[in-house]
Amino acid sequence: MKYDIHVECSACDGYGEIETQRGGVNANGPWVDITGDKCDKCEGGGLVYAGREDYDSVADLRADYPESLAKNLDTGEWV
């Protein structure tokens, strides 16, 4: 069976957003500015396409991609 395989984005750890932080000190004391921007690698989805592969069973797929989300192209089912 053919599967489309998606894995968690390594750049944002699957959150789809990358947080940046900057800070400093001014006359009022210390300050911190935290901004969240959409991840460029996964375009905010949290998953990255790993490819299309053939497997005989879901167990075989999990042996190679234990933390993946995969779509069975024959049935349309997500596993």
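Leu47, Leu69 and Trp78 make a nonpolar surface patch of about 270 Å². To join such a patch, a residue needs over 30% relative accessible area and no salt bridge, and nonpolar side chains (Val, Leu, Ile, Met, Phe, Trp, Tyr) are linked within 5 Å, while like charges are joined within 9 Å. Leucine 69 is partly exposed, at 35% relative accessible area (buried means under 20%, exposed over 50%, partly exposed in between, with a 1.4 Å probe and protein chains only).

Keep in mind that this is a predicted model, where local features need pLDDT of at least 70 and side-chain atom pairs count only at pLDDT 80 or more, though totals for chains, interfaces and linings use all residues. Residues are numbered from 1 along each chain as its sequence is written, and side-chain values use heavy atoms, leaving out hydrogens and water.

Now look at serine 68. With 9% relative accessibility, serine 68 counts as buried. Its side chain makes a polar contact with the side chain of arginine 62 at 2.9 Å (a pair of N or O atoms within 3.5 Å; within protein, one must be able to donate a hydrogen and the other to accept it, and residues adjacent in sequence count only if both atoms are side-chain atoms). The serine 68 side chain also reaches the backbone oxygen of tyrosine 65, at 3.0 Å.

What about the cysteines? The structure holds 0 disulfides, a disulfide being a pair of cysteine sulfur atoms within 2.5 Å. For cysteine 12, the closest cysteine sulfur is in cysteine 42, 3.7 Å away, so that is too far for a bond. Cysteine 12 is buried, at 5% relative accessible area.

Conventions
Accessible areas come from the Shrake-Rupley method with a 1.4 Å probe; for residues, only the protein chains shown count as cover. A salt bridge is a side-chain nitrogen of Lys or Arg within 4 Å of a carboxyl oxygen of Asp or Glu.
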